[in-house]
Amino acid sequence: MVSLPLPSLGHAVARAAVLAILAGPVLVEPALAAPDKAAIFGIELNDPGVVGGRKARPDEARRLALVTEELRKALTAGNAVEVVDVAPQAAEIAKQAPLFKCEGCAATIAKSLGADLAVNGFVEKGSNQIFNLYVVISDVASGKVVRAGQVVIRADTDDTWAHAMRWVVKNRLLAEPLPNRS
């Protein structure tokens, strides 16, 4: 029986290093899931002081559009979601409005748009200077709420409304990654 000398550990490590260099760089990146598609609906107004509700005044409508845009920007920053255009369902959205009262119709509309998530919310008027901002993210397949957040707005300015939306997204909606995201 012939006995061959075993290479030392140092030789084995050196040989592996040379083979790795000769093989060229190999980039191994973790596979990231594509972002969920989200239908982000306009933030609506709820004025509980008016029986049956009311349409937003022009200044309120402008602020609602402002916080809706802040919501879109905050959710798309960092690739959290991919926004799906809701315009093709504008007639159905208008018919079902307000979406925060329609018992899951936002998820149904979002599903018809090919979205994975439905994002909707409302500003509830408490007084002329105090408002509550609510935002909900629902899974369209199950209809279940996957995230929700609420904050009180204590002044009626563009800056306070925009800041409130950014705070809700950062500290409530995206405090942890959305489900099925790493």
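**Figure 1. Glu103 is found in the loop between α3 and α4.** The view shows a predicted model, in which local features need pLDDT of at least 70 and side-chain atom pairs count only at pLDDT 80 or more, while totals for chains, interfaces and linings use all residues. Residues are numbered from 1 along each chain as its sequence is written, and side-chain values use heavy atoms, with hydrogens and water left out. Helices (DSSP runs of H or I, at least four residues) and strands (E, at least two) are numbered from the N terminus. Glu103 has a positive phi near 55°, although this residue is not a glycine. With a relative accessibility of 78%, Glu103 counts as exposed, a class that begins over 50% relative accessible area, whereas buried means under 20% and partly exposed lies in between (1.4 Å probe, protein chains only).

**Figure 2. A cis peptide bond joins Ala97 and Pro98.** The omega angle of this bond is about 0°, and Pro98 has its place in the loop between α3, which covers residues 90–96, and α4. Most peptide bonds are trans, and most residues other than glycine have a negative phi. Ala97 and Pro98 are also among the residues that lie nearest the centre of the largest pocket.

**Figure 3. The largest pocket has a volume of about 420 Å³ and a lining of 24 residues.** A pocket is an open set of points on a 1 Å grid over the protein atoms alone, where a 1.4 Å probe fits, with protein on both sides within 12 Å along at least five of seven lines, and lining residues have an atom within 4 Å of a point. Points are joined across faces, edges and corners, and the volume is the space filled by probe spheres set on them. Glu44, Leu45, Ala97, Pro98 and Phe100 lie nearest the centre of the largest pocket. Both β2 (44–46) and α2 (58–76) supply at least two residues of this lining, and α2 gives the most, with four residues. The lining divides into 14 nonpolar, five polar and five charged residues, where Ala, Val, Leu, Ile, Met, Phe, Trp, Tyr, Cys and Pro count as nonpolar, Asp, Glu, Lys and Arg as charged, and the others, Gly among them, as polar.

**Figure 4. The second largest pocket holds about 240 Å³ of space.** Its lining comprises 16 residues, of which Leu99, Gly104, Asn120, Val136 and Ser138 lie nearest the centre. Two or more residues of this lining come from each of α4 (105–112), β4 (117–125) and β5 (131–139), and the largest share, four residues, belongs to β4. By class, the lining of the second largest pocket has ten nonpolar, five polar and one charged residues.

**Figure 5. β5 pairs in the antiparallel sense with β4 and with β6.** Two strands pair if DSSP finds at least two bridges between them. Nine bridges link β4 and β5, and Asn120 has Val136 in β5 as its bridge partner, while a hairpin joins the two strands through five residues. Eight bridges join β5 to β6, which spans residues 145–153, and the bridge partner of Tyr134 in β6 is Gln150. The hairpin of β5 and β6 likewise has five residues between the strands, and in this hairpin Gly143 takes a positive phi near 80°.

**Figure 6. The chain contains five helices and six strands.** From the N terminus on, its elements run α-β-β-α-β-α-α-β-β-β-α. Of the 182 residues of the chain, 34% count as buried.
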